[in-house]
Amino acid sequence: YPDSFEHYVEEDGPAAMEAVCELSGHERTFIMGHSLGGAISYAVAPRVADRLAGVITIGGVFLFGGQAVLRRTARAYRSLSALIDPLFLRALPYVPVDLIGRVLTAAGPVLDHRLMHDWPLAIWYPGSMEREVLRERMSVGMDRTGMQVLRQMIDWAATGRFLSRRRQSDYAEAFARLDVPLLVISADRDMLCTPEDCYPAYLTSRSRDKTYRKFGERDGGHWGHVDLISGRRAPAYTWPYIAGWMRERAAAPNPALPTRSR
């Protein structure tokens with residue numbers, strides 16, 4: 001597991017981009033991330049700009065803390081961090097996301113009830129995922145990460161700023177200056193990474209070709225965080241939309257198209 005968010009940004013991301021370009025034989029490729037992977041995509045992009053065909057984020061963290069309960073919890077934790085951090089970091093250096101996934105799997109029938117759609121940390125919109133897909137996603141699709149990564153995300157939520165661990169790098173500011181095709185996707189009922197967390201990436205970007213797309217009722221019903229990529233409607237809505245957007249940019253390597261928002 002990574003000991004900080006910078007591990008993803010300075011090592012894993014650039015290495016993966018280099019490997020994909022080398023193996024594919026293409027000079028440029030798209031980078032796409034969901035959830036924390038969206039934050040990684042934003043932070044990595046300026047480092048690999050010469051390799052980028054475009055950036056796609058799906059429920060991707062940019063300015064974390066749009067959800068009020070999460071923001072208040074982060075601020076409360078931060079005010080007690082001098083007392084809490086040493087205890088957590090010594091006792092548990094990693095976040096047991098895999099264990100959380102197993103708990104969510106066991107609680108699936110309860111959390112999938114319609115009454116839970118406004119639960120502050122709802123990971124999917126009730127009824128939006130086939131039970132076997134939900135079980136697989138929760139049980140094997142969640143991996144451990146470092147406690148320091150969680151600590152950084154708490155800082156993002158508490159301060160509304162997207163900074164490196166020692167606050168030497170402003171990831172949001174660096175990404176905003178980048179002029180590459182950008183697609184920002186959010187979900188109308190995503191309680192974990194709300195549209196308010198996602199939209200600022202589109203709003204502040206200086207890209208000449210940027211698109212914001214919020215999936216909602218007109219796309220077959222309400223959408224949540226995980227069902228945006230793995231839900232029963234994702235094959236008919238999310239992935240065809242992304243594929244079409246990518247094909248347009250692949251056919252025009254250096255577009256200067258008007259901005260779009262939907």
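This is a predicted model: local features need pLDDT of at least 70, side-chain atom pairs count only at pLDDT 80 or more; totals for chains, interfaces and linings use all residues.
The crossing in which α1 passes α2 is right-handed. The contact is formed by F5, Y8, V9, G13 and P14 on the α1 side, which meet L36, A39, I40, A43 and V44 of α2. Classified by residue type, this contact of α1 with α2 comprises nine nonpolar residues and one polar residue, with no charged residues.

Helix α2 is largely enclosed by the rest of the structure, because eight of its nine residues are buried. The buried residues of α2 are L36, G38, A39, I40, S41, Y42, A43 and V44.

The largest nonpolar core contains 41 residues, of which F5, L36, L52, W156 and F162 touch the most other members. At least two residues of this core are supplied by each of α1, α2, β2 (52-58), α3 (68-79), α8 (147-159), α9 (171-176), β5 (182-187) and α10 (195-204). When neighbours within four places in sequence are left aside, F162 is in contact with F5, with A39, Y42 and A43, with F62 and L63, with W156, and with S169, D170, Y171 and A172. Another core, of 14 residues, lies apart from the largest one and includes F30, I58, F215 and I229. In soluble globular proteins, nonpolar side chains tend to be buried together.

Key. Residues are numbered from 1 along each chain as its sequence is written. Side-chain values use heavy atoms; hydrogens and water are left out. A crossing is left-handed if the near helix is turned anticlockwise from the far one by less than a right angle, and right-handed if clockwise. Helices (H or I, at least four residues) and strands (E, at least two) are DSSP runs, numbered from the N terminus. Contact means heavy atoms within 4.5 Å. Ala, Val, Leu, Ile, Met, Phe, Trp, Tyr, Cys and Pro count as nonpolar, Asp, Glu, Lys and Arg as charged, and the others, Gly among them, as polar. A nonpolar core is a set of buried Ala, Val, Leu, Ile, Met, Phe, Trp, Tyr and Cys residues joined through side-chain atoms within 4.5 Å. Buried means under 20% relative accessible area, exposed over 50%, partly exposed in between (1.4 Å probe, protein chains only).
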